[in-house]
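User: I've got a model open and want to talk through its fold. Can you start with whatever you would look at before the rest?

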Amino acid sequence: MDQVKFTAMKDGDKEDYDFLGHHEAAFAKGTADRLLGALEALDEGLSGYQVTRLEHSLQAATRAWRDGADVDWVVSALLHDVGDIFAPYNHDEYAAAILRPFVREQCAWVVEKHGDFQLLYFGHYVGADPEKRQAHKDHPYFEDCTVFCERWDQSSFDPGYDMKPLAFFAPMVRDVFDRVPHDPDVIQPGKRVPLVGA
Ligand SMILES: [Fe+2]
Ligand SMILES: [Fe+2]
């Protein structure tokens with residue numbers, strides 16, 4: 001069997017769905033490599049800044065790593081703008097959806113909301129509310145997103161910054177996306193790990 005027998009899902013049988021289950025598991029194992037490819041594609045995205053989107057991502061991840069942040073944070077920093085390619089109007093949610101099954105809840109939340117928090121730095125120039133973050137002011141991860149944006153995101157547009165290459169982070173990306181998806185020991189709802197000097 002190298003493909004299913006059905007042409008409409010409702011006509012599939014157990015053999016079909018067992019076959020697909022194996023196929024999908026094998027495909028899922030390539031997620032890390034596809035994401036690394038997507039990051040490379042960011043090198044050609046969005047111009048106008050002094051750094052490419054890939055360089056911005058590498059700077060954010062390098063700053064996280066130099067801050068002593070754990071692998072969940074470093075990989076989240078690396079991928080936080082990967083949504084720019086296909087979701088320019090909700091790139092934060094897009095990246096968070098990719099990360100959420102594989103990183104701590106804290107990190108996925110921060111990536112999901114970073115767009116709101118980043119407005120602090122430029123919202124007043126573009127007709128947006130710089131204090132949009134206040135909608136989340138009572139959230140337990142509010143301070144974490146504040147630190148993420150201040151230390152790793154808004155600061156990472158510097159062509160002179162000594163950043164690590166993508167190959168440096170590739171093993172970390174593979175480790176994270178090799179995890180069992182939705183593993184409660186990874187997600188750890190409510191757990192806060194410091195971004196700096198953990
Ligand atoms: Fe972003
Ligand atoms: Fe960013």
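Analyst: I'd start with helix α4, where 8 of the 9 residues are buried, so α4 is largely enclosed by the rest of the structure. Buried here means 20 or more other C-beta atoms within 10 Å of the residue's own, with exposed at 12 or fewer and partly exposed in between; C-beta atoms are placed from the backbone. Helices are DSSP runs of H or I with at least four residues, strands are runs of E with at least two, and both are numbered from the N terminus.

User: Is this experimental or predicted, and how is it numbered?

Analyst: This is a predicted model: local features need pLDDT of at least 70, side-chain atom pairs count only at pLDDT 80 or more, and totals for chains, interfaces and linings use all residues. Residues are numbered from 1 along each chain as its sequence is written, while chains are lettered from A and ligands numbered from 1 in the order in which they are written.

User: Which residues of α4 are buried?

Analyst: D72, W73, V74, V75, S76, A77, L78 and L79.

User: And what do they pack against?

Analyst: The buried residues of α4 pack against α2, α3, α5, α6, α7 and α8. A contact is a pair of C-beta atoms, placed from the backbone, within 7 Å.

User: How many residues are in the largest nonpolar core?

Analyst: It has 38 residues, and those with the most contacts inside it are A61, A64, V74, A77, L78, L99 and V173. Such a core is a set of buried Ala, Val, Leu, Ile, Met, Phe, Trp, Tyr and Cys residues joined through C-beta atoms within 7 Å.

User: What does L99 touch?

Analyst: S76, L79, C107, A108 and V111, leaving out residues up to four places away in sequence.

User: Switching topic. How do α6 and α7 cross?

Analyst: The axes of α6 (residues 105-122) and α7 (residues 142-153) come within 9 Å and cross at roughly 70°. Axes are lines fitted to C-alpha atoms, for helices over the stretch in contact, and angles run from 0 to 180 degrees between N-to-C directions. The two helices are therefore roughly perpendicular to each other, a label for angles of 65 to 115 degrees.

User: Which residues meet there?

Analyst: Q106, V110, K113, H114, F117 and Q118 in α6 meet D144, C145, T146, F148, C149 and D153 in α7.

Terms used: Angles under 35 degrees count as roughly parallel, over 145 as roughly antiparallel, 65 to 115 as roughly perpendicular and the rest as oblique. Two residues are in contact if their C-beta atoms, placed from the backbone, lie within 7 Å.
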